[in-house]
Amino acid sequence: MYGNAYVENTGNNNSLTAGEDPVKLAEFEARIAAGEKIEPQDWMPKEYRRQLIRMIEQHAHSEIIGSLPEGTWITRAPGFRRKLALMAKVQDEVGHAQLLYSACETLGKSREDMINDLINGKSKYSNIFNYPAVTWADSAVIAWLVDAGAIINQLTNSKGSYGPYCRALDRICAEESFHLKYGHDNVVFLATGTPKQREMVQEAMNRWWAPLMHFFGPSDKISQHTETLMKWKVKMASNDDMRQQFLDMYVPKIWDLGLTVPDHNLKKNEESGKWEYTEPDWEEFKRVINGDGPCNKERLAVRRMAEEKGRWVRNAILKKDARYVAPLA
Amino acid sequence: MELTERHVEGLKELLYKMADDLLILGHRNSEWTGLGPVLEEDIAFSSMAQDKLGQSLALYELLHELGENIPDIVAFTRNDNQFHNCHLVEMPIGEYDFSLARHFFFDHADAIRFAMLENSSFEGISMVSRKFRGEIKYHTMHADVWMKQLSHGTEESKARMQSAINAAFPLALGIFEEGEYEAELKEAGIFEGEAALKNQWLEKVNNELKKHGYTLPDADDVTPALGGRKGFHTEHLQPLLNEMSEVFQIDPGADW
């Protein structure tokens, strides 16, 4: 999992480059156009740095917050095989946070500052983790479909322009593909299992459909991306394009298992090749991302508790003068 | 030598207590996922949890070969009075200081135990013990590094670790609670016994702690937490088992 970071669409193209040296800016944009990667020591526009910090930081936060709803099922996983696999999966996610915080530190913000902003509510994480994983089947649906969505998002972003982020994403995607297999296998067992198991997984599917549709961010109709961010390869694909890709890859697989999706309007328009669906409730999306979801308070409270309880350990190992700026990937 | 019924019972007793220790501690260590003091410690505790769980599975498989039920049934359907783990491993994770002290005491004991068992006359045990060696080496290394770091950290970290050592030590002595078949196991060359293990362990942990300026309480001055090996547990084990088997028990016959 889990990253889907929303690029902030504030400001027009001009304000993004205001005050930048035109010669350096032109060289920078030419390098990106030529497919080169930007590295930590290279010159970059202030807004490029700011947007990347926001995006990578959100992605990193999503990994650690995302480990909470799944983590609660590690201690309940049925049988050795699932228990071992889920431990390894969630451990991977925490490892992704480590990779991503390290990538973000190369842009000048320390891990500590990022985590402080997370628990202060100043920076966001993926909205999907503000929903509860009610049963074991929810954890299976998360591992399959949330990770599937994340792979679509991350493969797209791995072709972006910032070297440390792209390389971290390449490594992350390799692990995600195992998570997807784990999640799918888990859902298959439930969907082809006893009536109780089928009921559990269908209910989980019903619960997770709306958050999954929200996952890629607001519709292009209401969320215009700025051309500059596309040109800088910070934003790589539109939210709707990624959503279409997700529906195309996974709805047939869901139906194959005899499961249904709680949207009667969902169908593929064979002429346009596009999926049609009931427009997700973007008001709810906004409400949840701004703190009023079913689990926002709980997630942040748990994270805050972990930070507070661990402070004495961090103080004991802190090297005050050290700066960690070398990317892990 | 030909194994008598009592030898086989002793062997099972040994396997059960080792497997149960590893299952329960693996479960506890996994509770750190997402909650560690630094990300790297979440990841380390998760790695160790996976190793412990894998090791317990290997031991339950040996028990299955001796006629016990399959590992999933053995692990996910027993009640606390059928578990033979020591009290040390069933205690809640508490704060990081307690989890680290427990990890330090338990893993040094397990490293010595499995080193002893590499020469066991029972081939199944000697084989898995050799296999576990490569994993446990990193567990003790991890514990030692952190005991050292926190002794040289702040006054608070040193004081907290010393308190955690004091609190975990009586529990750790419960690891060596003797079973009914110590003599038979020794006679058959299966295991040298808890007393021998305890002596080696005391020397090892005492030396290691002294290096970093900690003090190990005198074993004669504390009351070891006994009873776990005989199925008598603290109030913490049954809730853990209820949680662990919550999904499995929805339908133990189902494929999950």
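**Note on the predicted model**

1. Chain A, read along its sequence, runs α-α-α-α-α-α-α-α-α-α-β-β-α-α. That amounts to twelve helices and two strands.

2. As regards overall dimensions, the C-alpha trace of chain A extends over about 65 × 60 × 35 Å along its principal axes. The radius of gyration of chain A is 20 Å, and the globule rule gives 20 Å for 329 residues; chain A is therefore as compact as a globular protein of that length.

3. Two further figures describe the interior of chain A. Of its 329 residues, 44% are buried. Among contacts in chain A with a separation of 6 or more, 80% join residues 24 or more positions apart.

4. The largest nonpolar core comprises 155 residues, and the members touching the most other members are A:Ala140, A:Val141, B:Leu88 and B:Ala168. Helix α6 of chain A (residues 136-157) makes the greatest contribution to this core, namely 13 residues. As a general matter, nonpolar side chains in soluble globular proteins tend to be buried together.

5. When residues up to four places away in sequence are set aside, A:Val141 touches A:Val187, A:Ala204, A:Met205 and A:Trp208.

6. Turning to the interface, 37 residues of chain A are in contact with 43 residues of chain B. On the chain B side, the elements giving two or more residues are α1 (5-30), α2 (39-65), α3 (71-77), α6 (123-151), α7 (155-173) and α10 (237-244). The largest share, eleven residues, is supplied by α2(B). By class, this side of chain B consists of 19 nonpolar, 13 polar and eleven charged residues.

7. A:Leu300 lies in helix α12 of chain A, which covers residues 296-317.

8. Beyond its neighbours within four places in sequence, A:Leu300 is in contact with A:Ile119 and A:Gly121. The C-alpha atoms of A:Leu300 and A:Gly121 are 8.0 Å apart, although 179 residues separate the two in sequence.

Definitions and conventions. Residues numbered from 1 in each chain as written. Chains lettered and ligands numbered in written order. Predicted model: local features only at pLDDT ≥ 70, side-chain atom pairs only at ≥ 80, totals over all residues. Helix = DSSP H or I, 4+ residues; strand = E, 2+ residues; numbered from the N terminus. Contact = placed C-beta atoms within 7 Å. Core = buried A, V, L, I, M, F, W, Y, C linked by C-beta atoms within 7 Å. Buried ≥ 20, exposed ≤ 12 C-beta atoms within 10 Å, placed from the backbone. Nonpolar A, V, L, I, M, F, W, Y, C, P; charged D, E, K, R; others polar. Rg over C-alpha atoms; globule rule 2.2 N^0.38 Å.
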